[in-house]
Amino acid sequence: MAATSSSGSLPNSLDTPEATRRTRILNSKLYFDVPPSKVSVIYSPSYDIAFMGIEKLHPFDSSKWGRICQFLISEGVLEKSQIVEPLEASQADLLVVHSESYLNSLKSSLKVSMIIEVPPVAVLPNCLLQRKVLRPFCKQVGGSILAAKLAKERGWAINVGGGFHHCSAGEGGGFCVYADISLCIQYAFVLLNISRVMIIDLDAHQGNGHERDFSKDGRVYIMDMYNAGIYPLDFEARRYIDQKVELVSGTKTKDYLDQLEVALEVARNSFDPELIVYNAGTDILDGDPLGRLKVSPEGVARRDEKVFRFAKERNIPLLMLTSGGYMKSSARVIADSITNLAKKNLIELTNTSNRK
């Protein structure tokens with residue numbers, strides 16, 4: 001219900017949904033200053049989901065986020081002390097995009113089990129799910145939101161997590177509980193004073209969540225390149241994609257990269273963004289049971305390189321989210337791709353403590 005004026009009879013014209021959203025964003029603690037000794041890589045051990053082995057009932061590797069960082073650290077590409085740990089998104093933060101009714105629905109273990117696609121979770125106490133599943137997701141949401149600020153300040157940022165592109169303001173699905181992409185963009189609109197954002201969604205699955213959220217928002221340009229024959233088959237949301245590249249199952253590396261090259265050229269001539277949100281799912285890998293494409297690990301590295309180069313050549317801040325990937329090899333492939341980006345001078349992972 002709308003609030004009333006002090007007289008109790010007239011509605012407060014300032015108490016609009018947009019004004020409430022803005023107030024929540026301005027009161028949030030998720031944006032904070034990151035010292036120059038840190039690099040633009042965001043991760044927390046709290047990202048990883050593990051309890052009683054139930055996480056193994058879903059093909060998603062819920063420990064991949066930590067293993068990505070372990071690979072980078074063990075190979076001397078990154079120092080543990082350089083990684084930025086985000087804050088956890090609060091209820092007020094989530095309400096910037098999500099409806100109260102949707103967030104309340106997550107108090108049902110059955111509802112959570114349907115979203116994360118692990119039926120046995122339905123019989124677990126919800127307090128356990130809040131602590132072991134939903135809080136890790138909230139931490140990753142905080143990472144995605146902070147990534148926009150870091151990208152704006154330093155040119156790029158990588159949240160070693162996030163990319164929950166099947167979740168919209170009012171509904172989750174496909175292992176996506178919170179709409180971190182929509183949230184990070186709404187925060188950027190208010191706190192970074194930008195008005196044009198491009199989403200480049202290269203996960204193997206259609207990003208129907210953010211497509212629904214920004215269906216009527218001309219400030220957001222969506223390029224989505226996905227396997228058209230697999231989940232979520234959201235034909236209504238497809239109408240909201242500005243630039244649609246529909247792949248067929250079995251698409252191989254060369255064909256994939258050729259189509260991406262064309263798509264990036266179209267995007268270059270179609271929209272002039274002030275921020276790029278890059279959803280970099282590795283479920284495009286050959287052998288992934290859900291993505292059903294046939295892109296090689298080297299192809300993933302070349303894909304990421306093309307997107308980062310696209311942004312750097314135009315001096316557009318870019319944040320990357322790791323999104324889907326349903327093989328144990330995904331962590332290794334992502335770590336190798338990040339290493340390649342550093343070698344190509346598209347990102348900087350060296351110690352920055354000497355920055356002025």
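**Entry 1**

I started with the strands, and 7 of them form an open sheet in the order 1-2-7-6-3-4-5, with parallel pairing. Strand 1 and strand 5 stand at the edges with a single partner strand each, so one side of each has no neighbour in the sheet. My strands (E, at least two residues) and helices (H or I, at least four) are DSSP runs numbered from the N terminus. I call two strands paired if DSSP finds at least two bridges between them.

A note before I go on: this is a predicted model, where local features need pLDDT of at least 70 and side-chain atom pairs count only at pLDDT 80 or more, while totals for chains, interfaces and linings use all residues. Residues are numbered from 1 along each chain as its sequence is written, and side-chain values use heavy atoms, with hydrogens and water left out.

**Entry 1: along strand 2**

I followed strand 2 next. Strand 1 (residues 41–42) runs parallel to strand 2 and is joined to it by 2 bridges, with I42 opposite N159. Strand 2 also pairs with strand 7, in the parallel sense over 4 bridges, and there N159 stands opposite L321. Which way do the residues of strand 2 point? W156 and I158 point one way, A157 and N159 the other, and all are buried. Buried here means under 20% relative accessible area, exposed over 50%, and partly exposed in between (1.4 Å probe, protein chains only).

I then checked strand 6 (residues 275–279), which pairs with strand 7 in the parallel sense over 4 bridges. I276 is the residue opposite L318 there.

**Entry 2: the core**

I looked up the largest nonpolar core and found 119 residues in it, with Y178, I185, I200 and F308 touching the most other members. Helix 6 (residues 126–154) gives the most to this core, 13 residues. Such a core is a set of buried Ala, Val, Leu, Ile, Met, Phe, Trp, Tyr and Cys residues joined through side-chain atoms within 4.5 Å. In soluble globular proteins, nonpolar side chains tend to be buried together.

I picked I200 for its contacts (heavy atoms within 4.5 Å). Leaving out residues up to four places away in sequence, I200 touches M223, L264, I276, V277, Y278, N279, V307 and F310.

F175 has a positive phi of about 70° although it is not a glycine. I found F175 in the loop between strand 2 (156–159) and helix 7 (180–191), buried at 9% relative accessible area. S323 is another non-glycine residue with a positive phi, near 50°. S323 sits in the loop between strand 7 (318–321) and helix 12 (329–343) and is buried at 5%.

Where is P232? I traced P232 to the loop between strand 4 (220–227) and helix 9 (235–238), and the peptide bond from Y231 to P232 is cis, with omega near 10°.

T251 lies in the loop between strand 5 (243–247) and helix 10 (253–270), buried at 4%. A polar atom of the T251 side chain is 2.6 Å from the backbone oxygen of V248. Beyond four places in sequence, T251 touches Y256, L293, K294 and V295.

Key: A polar contact is a pair of N or O atoms within 3.5 Å; within protein, one must be able to donate a hydrogen and the other to accept it, and residues adjacent in sequence count only if both atoms are side-chain atoms.
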